[in-house]
Structure formats: structure tokens, C-alpha cells
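Subject: Structure for you to look at

Hello,

Here is the structure I promised to pass on. Please open it alongside this message; my notes follow below.

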Amino acid sequence: MTGGETLVEAALRVLNTPDPVEKAKLGDQIANNWLQGLILDSYTPSQPDFMVPDRPARLTNVKLVSPSLMPKLGKAGSLQSRQAIVHSLVHTESWAIDLSWDIIARFGKQESMPREFFDDFVRVAQDEGRHFTLLAARLEELGSHYGALPAHDGLWDSAVATSKDLFARLAVEHCVHEARGLDVLPTTISRFRNGGDNQTAELLEKVIYPEEITHCAAGVKWFKYLCSRSCGGEESDVEVINKFHEVVRSHFRGPLKPPFNESARRAAGFGPQWYEPLAVKDFTQ
């Protein structure tokens, strides 16, 4: 399996695996091989670029609807609501696996990114696969399963919209969307506790929440790196933040939604000056 395969080739195998359970297992195996040095090269510079799918392989057992047609999830006060919330989280994590491997396959070679970039997003991908597996198991413990309820693919829609621009991909998917998850998770955790489901609350609070902070941090880190590289290392913090505002306004529809989880965002290297100016309705582009 490891032989002469590069990490980009391995990432494509994950993207072309339709079953999310198998996708998570394969991603975990590839991540371990990479981090243990069993996969030697991120990519082969002399090799022609591989075709990265516009949409990763997916099973058809999840009914997809428009985000506007999604039923309300509720506040975890009933079993039905708890099932709906966990199902939504499982679906999000299934896409997060693909997003993490996609940024490796789509942009790693194209943008000549350093090895540390691959290390970081392999770790993110491995985390997302573990989150999917744990949440899918918890959903079954709650008497449901992935595919039992409708879902939407808004997360991948924005991946398609940022598929030509690594600045945009990092800003929108790995900063804006990841940080939004940090904003809402504490409320979600409280709702599960209030509903008497401490097991789900513990999983979210002790495993998923702290790891999602590191995922947002990876987005911020590599956005800063791109800014620095594009300006020969001369760009100031103010210029980086201005670039972030420009990219988000060009690729993200509408203002960001408060309230913001300032402590978690700050832990990810994402201070208020990055996002508060984007929370006003003054988008003209």
C-alpha cells in the first residue's frame, strides 16, 4: 500500500471511497502511515497533476435537501431532537473528512506547500475521521443511524466555490466555517446536558471541541503563511487581516453571525479584529 504511493495519491483514494465508514478507516490508516514515515513523499514534482474530483464519492443513502428546507433540530430536550442534532454533526464530520483530504490533494502540489502543511492537514483529517466514527456510534446508541434523516451539503457547496483559490479555501472553510462550529458547540453541549444526555455532552466537550480549535488554528496558520510567502515575508498583521477580510467578502455570502466564542477563537489565533468587521451588513461585492 505504501510502496511508491505519495500522500496526494493516497488522499485521492480517500476522496474516491464512497462509504463514510470506510473513508474514515482508510483516512486513519493513511494518516498513521504518513506520520510514521511509511509514506515518504507528499507528491512527485515531475509527475503530471492528478484529477481531483469536483465532488468526492458518496453513498446515496442520505437524503439531501436545500438548507432552507431542513427541519428544525430542536434543543435536545427530546430523544428525537438529540438524534437530529447528532445526525447533523455526523453529516458535517463526513464532509470534514473529505475537505481535509481535498485540500491536500487539490492544493498541496499545486501551491508547492511545505511538508508541515501536509502534516497539519493529515492530523486534521485523522481527527475528523475519528469524530465521525465516534458520533456515528453515538447516533446508533441513541437508536438512529446515519442516513435516517435528511441533510444538506452547504459545506461542500462552499468547497466548490473555493476550489480554485487556496486563500479562499483556507479563509472560508478552515477559518469561517470551523470557527462557526466553535461558536455553536458550547450551546449544543449545554443543551445535551440540560436534556439529560451527559454522554453526548462529554464526547462533544472533551474530545471534539478542543480538537476543533486546533483545526481552526491550522486554517489561520496557513492563511498567514500564504500571505507572508506572497509578499516575501514582509506583510504585517494588519495587512494579513485586511487580506482575510477581502477574501471572505469575495467568497462568503453575507455577514458573519454573532455571538462569537471569543476565547476559543483566540486560542486558535483568531482575534476579534479578524472577524468582528465581517459581522456587519456592508458587503457590496
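Val247 lies in helix α8. Please bear in mind that this is a predicted model. Is Val247 buried or exposed? Its relative accessibility is 5%, so Val247 counts as buried, the cut-off being under 20%. Setting aside neighbours within four places in sequence, Val247 touches Phe167, Ala168, Ala171 and Phe223. Phe270 is 23 residues from Val247 along the chain, and the two C-alpha atoms are 16 Å apart.

Phe223 leads on to the main core. The largest nonpolar core has 80 residues. Trp101, Phe223 and Phe244 have the most contacts inside it. A second, separate core has five residues, including Trp95, Leu99, Leu155 and Ala159.

Now Trp101. What does Trp101 contact, leaving aside neighbours within four places in sequence? The list is Leu7, Ala11, Val14, Leu15, Gly27, Ile30, Ala31, Val122 and Ala125.

Next, a helix pair. The axes of α3 and α6 come within 12 Å. They cross at roughly 160°. That angle is over 145 degrees, so α3 is roughly antiparallel to α6. The crossing is left-handed. From α3, the contact uses Arg82, Ile85, Val86, Leu99, Asp102, Ile103, Arg106 and Phe107. From α6, it uses Leu166, Arg169, Leu170, Glu173, His174, Thr188 and Phe192. By type, the residues of this contact are eight nonpolar, two polar and five charged.

Last, Trp156. This residue lies in helix α5 (residues 154–161). Its relative accessible area is 3%, so Trp156 is buried. Which residues does Trp156 contact beyond its neighbours within four places in sequence? They are Asp54, Arg55, Pro56, Trp95, Asp98, Leu99 and Asp102. Asp54 is 102 residues from Trp156 along the chain, yet their C-alpha atoms are separated by 9.7 Å.

Best wishes

Methods
Residues numbered from 1 in each chain as written. Predicted model: local features only at pLDDT ≥ 70, side-chain atom pairs only at ≥ 80, totals over all residues. Heavy atoms only, no water. Core = buried A, V, L, I, M, F, W, Y, C linked by side-chain atoms within 4.5 Å. Buried < 20%, exposed > 50% of the residue type's maximum accessible area, 1.4 Å probe, protein only. Contact = heavy atoms within 4.5 Å. Axes fitted to C-alpha atoms, helices over the stretch in contact; angles between N-to-C directions. Helix = DSSP H or I, 4+ residues; strand = E, 2+ residues; numbered from the N terminus. Parallel < 35°, antiparallel > 145°, perpendicular 65-115°, else oblique. Left-handed = near helix turned anticlockwise from the far one by under 90°. Nonpolar A, V, L, I, M, F, W, Y, C, P; charged D, E, K, R; others polar.
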